[in-house]
Amino acid sequence: MRSFVTVLLAALLPTFAAAQSAPPILFYDNGMMMVNVDGTDVRPVSSFAGTAAWAPDQSRIAVIRSDGGGSINIWLVDADGVSNPTQVTFTNDFVSFRLTWSPDGTRLAAVRNISNSYHLELIDL
């Protein structure tokens, strides 16, 4: 039995160690929230964000954000989820689908709703 436990622990410890260095988890609960992988420190990213994605270097978060009045655009915030908000689109027609960063962090892929037709848009940052 001891060898099984040793093998199990040896298999799980690298996964646990990797999880400790992982960025916080982004989720939606009446606004975009983040929580550490161990379940501690639940905090808001934006009360009006519907979709969010970490930058490849984990320094920024891209969010699709509504101003509450119908304007929906893409914003960047620092890794804490609130500092230095920067609006990167001004078209007012992005939809809350998945955002995807380019591997080098210089572009975002997002979906726009133009005249009730969905279009993939690549956004240079």
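**View 1. Ser102 touches Pro56 and Arg107, not counting residues up to four places away in sequence.** Touching, or contact, here means heavy atoms within 4.5 Å. This is a predicted model, in which local features need pLDDT of at least 70 and side-chain atom pairs count only at pLDDT 80 or more, while totals for chains, interfaces and linings use all residues. Residues are numbered from 1 along each chain as its sequence is written, and side-chain values use heavy atoms, with hydrogens and water left out. To find Ser102, look in the loop between strand E8 (100-101) and strand E9; strands (E, at least two residues) and helices (H or I, at least four) are DSSP runs, numbered from the N terminus. With a relative accessible area of 16%, Ser102 is buried. Buried means under 20% relative accessible area, exposed means over 50%, and partly exposed lies in between (1.4 Å probe, protein chains only). The side chain of Ser102 also has a polar contact of 2.7 Å with the side chain of Asp104. A polar contact is a pair of N or O atoms within 3.5 Å; within protein, one must be able to donate a hydrogen and the other to accept it, and residues adjacent in sequence count only if both atoms are side-chain atoms.

**View 2. Thr40 sits in the loop between E2 and strand E3 (43-46).** Here the side chains of Thr40 and Asp38 make a polar contact of 2.6 Å. At 39% relative accessibility, Thr40 is partly exposed. Now find Pro24, which is 16 residues from Thr40 along the chain: the two C-alpha atoms are separated by 9.6 Å.

**View 3. The largest nonpolar core brings together 12 residues.** They are Ala53, Ala55, Ala62, Ile64, Ile74, Leu76, Phe94, Leu99, Trp101, Leu108, Ala110 and Ile123. Strands E5 (60-66), E6 (72-78) and E9 (107-114) are the elements that each give two or more residues to this core. A nonpolar core is a set of buried Ala, Val, Leu, Ile, Met, Phe, Trp, Tyr and Cys residues joined through side-chain atoms within 4.5 Å. Leaving aside neighbours within four places in sequence, the contacts of Leu76 include Ala62, Trp101 and Leu108, along with Arg60, Asn84 and Leu125. A second, separate core has 9 residues, among them Met32, Met34, Ile61 and Val63.

**View 4. Strand E2 (residues 32-35) has buried side chains on both of its faces.** Met32 and Met34 point one way, while Met33 and Val35 point the other way. The partner to look for is strand E1 (residues 25-28), which runs antiparallel to E2 and is joined to it by 4 bridges. Phe27 stands opposite Met33 in this pair.

**View 5. Strands E8, E9 and E10 form an open sheet with antiparallel pairing.** The order of the strands is E8-E9-E10. E8 and E10 stand at the edges with a single partner each, so one side of each is left without a neighbour in the sheet. Two strands count as paired if DSSP finds at least two bridges between them; E9 and E10 are joined by 8. Look along this pair to find Asn113 opposite Tyr118 in E10.

**View 6. A search of the whole structure finds 3 salt bridges.** Side chains of opposite charge can pair when their charged atoms come close. A salt bridge is a side-chain nitrogen of Lys or Arg within 4 Å of a carboxyl oxygen of Asp or Glu. One joins Arg107 and Asp124, with N and O 4.0 Å apart. Because Arg107 lies in E9 and Asp124 in E10 (residues 117-124), this pair ties together parts that are 17 residues apart in sequence. Arg107 is partly exposed at 34%, and Asp124 is exposed at 59%. Another bridge links Arg112 to Glu121, the closest N and O atoms being 3.1 Å apart. Arg112 is buried at 14%, whereas Glu121 is partly exposed at 25%. The side chains of Arg43 and Asp41 also meet in a salt bridge, at 3.0 Å from N to O. Arg43 is buried at 18%, and Asp41 is partly exposed at 47%.

**View 7. Stepping back, the protein chain holds 1 helix and 10 strands.** Of the 125 residues, 31% are buried.
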